[in-house]
Amino acid sequence: MFEPKIVAFLCSWCSYTGADTAGIARLKSPANLRAIRVPCSGRVSPELIMRTFDQGADGVLVLGCHIGECHYDTGNHRAAKRLPVLQTLLSFGGLEAQRLRLDWVSASEGERFARITTEFSETVRELGPVHWRPEGRPRQEESRDLPIPSRTILFQEVDFTLRTEGIRAKARELLTSGQVGCLIGYGTSPRGRTRPAFIYSSEESDRLVWNADCTHNLSGYLVDKLAANQRGHPNENGSHLRIGVVVKPCDSRTINVLLAENQLSREQIHVIGVTCEGMRKEGGGLQQGCVSCQERTPVVYDTLVGEPVHPVRQCSSSQSDEIIAELDKARPAERLEFWLSQFDHCIRCYACRQACPLCNCPTCLYERDDSTYVGMGIGLNEKRTFHLGRAYHLAGRCVGCNECERACPMDIPISLLNQKLAVEIEKTFGYRSGLAVAPSPIVTILSGEYKEG
Amino acid sequence: MSKPDPNAKSRLISQTELDSWLDGLASKQTLIAPRDVSGVVLYRPVAGSGEILAGVPRPVMSVKELFFPPTERLLRIQKTRTGINVKETLPEDQTIIFGVRPCDARGVRLLDALFLDTAPADPYYARRRANTTLIGLACRELGPTCFCTSVGGAPDDPTGMDMLVYPAGSGFLAEAISEKGHALLADTGWPETVIGGAAPDSTDHFPVPEKGRWLGHFNDDYWMKMSERCLSCRACAYVCPTCRCFSVRDEMLGPGEFERIRCWDSCAGENYRRVAGGHRPRAEKGERLRNRFYCKFLYFPGQIGRSDASACTGCGRCIEVCPVGVDITEVLQDLERLA
């Protein structure tokens, strides 16, 4: 009979003692449980759980104190918020959701411990051995290519002259008066491609453009640029010059997230918001991310260029909504195959991470010198760990600007992961990131969020 | 530049003949050709000519990945009761690659300069080179970012190929370049002709600055300015047919079992030149991006002792994939103009 390998992370204060209680009471609990004692269920980071599945666990059980009884007040609240998000992500990636379970066991509840562990062990036994590791998984005879609808939403040509003029005029004003030291906007390459441009003097302002290819999210440059500014010499007033940035509505949401995460402060930047009807993708048609975008006017700005428009949704459901629905309907094994076939051609160039304005850790967890959470190799398993981990780190933060997907040289639909989590978080927390300067609810604990008992 | 000899004997074949010949090859050994992999064109094994994409487009990744794979296991290390067991893992497969573009084959020659011609030769790379036959395909037209003619290549350059196929009218001209190629062609029995294929001409010519210009402008502010938009990702290096930096690490496989892997690395990454103590000699992204161009046009020619051989094949892939429009041809032109 198949004996599942189950790893149980047990909170030292409640569940681990609960396991002892079960033992003293001579209650029967499954022998295939490998218990790992942790200080708190809040310590069990999603990376740890992903690593456990990577290493071949058939099931992972996390047991903590009941809500309201945490030794550290809110540690288990963190677990309660994080793990369902992780479960959604792993399930979307092709792991059966039942293989991960979070529950509460107090020190006196030996019986409850025995019941939950037996139940979980039986559930995993019924699921059979895990096929999470790419190598050695059974060939999916009936696995089908998930249909990716190829639909192009027409891009409507707009006259951009007024907006280009507006941006240039404001840039001239800001740079001449010395209100900003540098303005980050869009320019054109000698090949005629639209790309980020850094403007330092009013004479250069005419290099700025606004057109249908201003896809880049320029707010990603702000954090580094401000840090470099701080290292430079202050001006005669002893302060550092501000930085101006041109943003679309989606980019403006990024600024709110950066502000909420204290990556920059409002006085350091001058935001030129530009109204937007959506950007064009290479080869025509509306950009993937723009199809379901509702914002037409930036949510934060100092100067607005263009007439504010009421929010309109171009299309009731975007192509990515349809793919997500299709994936949700598929069996876990099919989802697994879908994602492995996509990650297969990832080259781990980190373009997605580098282009992401919210991936701003000084050292990425997945690029450390030790191989604690992921190996250095450019193999299928490592690439999946990186992508799923990155998606998790952006849960509740991602604003859906789609820079990751646009930057990907291999056209991997990475943003589906982010979108899936954004929908989940909106459902659970009623929260959409970046609409206001507020930290993501999945990383914060507010007083009164959970009632005792 | 070694132009094909106009009097060389080539063989005229039709599309059907080429297809059935490729099917024959695929039945005997691994045939790799441009294939559609979930919407992306890549060099991947094909079962027959039917799987090769129509028009044999140029893949997103160069053939580099087939000789110098993104990740390669060098050793398997096992702890035994009496000591340590180390096993080298050398590639064994016999492979034919069809549809290699001249820029890619040239890239392979440049990789040879470091992996094969410089002692000690790299055994993994050497084994793959020896086991692989390259069948090239001359370009019918130049792509929007191609500039091979500016860096010493040509759309019909046979450098590095074993055999080259030129599109000619509705058919193809096949010409053997190396001994491997001659052996392959001899078996076919295709009739010999002496008509050469005509290569498209490039209109874009970019200057390649002299060594002195590179040396003289190393400390210019230009590099910090031009790199401001750079994201420090590695897309340009990984799609490049000649970027060849790697990193080696021992990874644990299980209790008492390890593997030593080698995988791609790039000077664009922030960790690339970090040394013990945390010092980073190339802390600024301008310094890192500058290195990419200096490596291609100054360091590499210096390393192999040939001033005419830049490590750029003009394939234009880096220009295509850069998410923020960094353009190597723009840098060449700018450097030529700098005071």
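Two residues are in contact if their C-beta atoms, placed from the backbone, lie within 7 Å. This is a predicted model, where local features need pLDDT of at least 70, side-chain atom pairs count only at pLDDT 80 or more, and totals for chains, interfaces and linings use all residues. Residues are numbered from 1 along each chain as its sequence is written, and chains are lettered from A in the order in which they are written.

**Exercise 1.** Work out whether A:Ile412 is buried or exposed, and find what it touches.

*Solution.* Start in the loop between helix H13 (403-407) and H14 of chain A, where A:Ile412 sits; helices are DSSP runs (H or I, at least four residues), numbered from the N terminus. Next, count neighbours: A:Ile412 has 24 C-beta neighbours inside 10 Å, so it's buried (the cut-off is 20 or more; 12 or fewer would be exposed, and in between partly exposed). Finally, skip its neighbours within four places in sequence, and you'll find A:Ile412 in contact with A:Gln342 and A:Cys346.

**Exercise 2.** Describe how H12 and H14 of chain A meet.

*Solution.* Take the axes, which are lines fitted to C-alpha atoms over the stretch in contact, with angles running from 0 to 180 degrees between N-to-C directions. Those of H12 (residues 380-393) and H14 (residues 415-429) of chain A come within 9 Å and cross at roughly 35°. Now list the partners: A:His387, A:Leu388 and A:Ala391 from H12(A) meet A:Leu417, A:Asn418 and A:Leu421 from H14(A).

**Exercise 3.** Find how far apart domains 1 and 3 of chain A lie.

*Solution.* Get the bounds from the automatic or database domain assignment: domain 1 is 6-127 and domain 3 is 330-429 in chain A. Their C-alpha centres are 25 Å apart.

Technical notes
Helix = DSSP H or I, 4+ residues; strand = E, 2+ residues; numbered from the N terminus.
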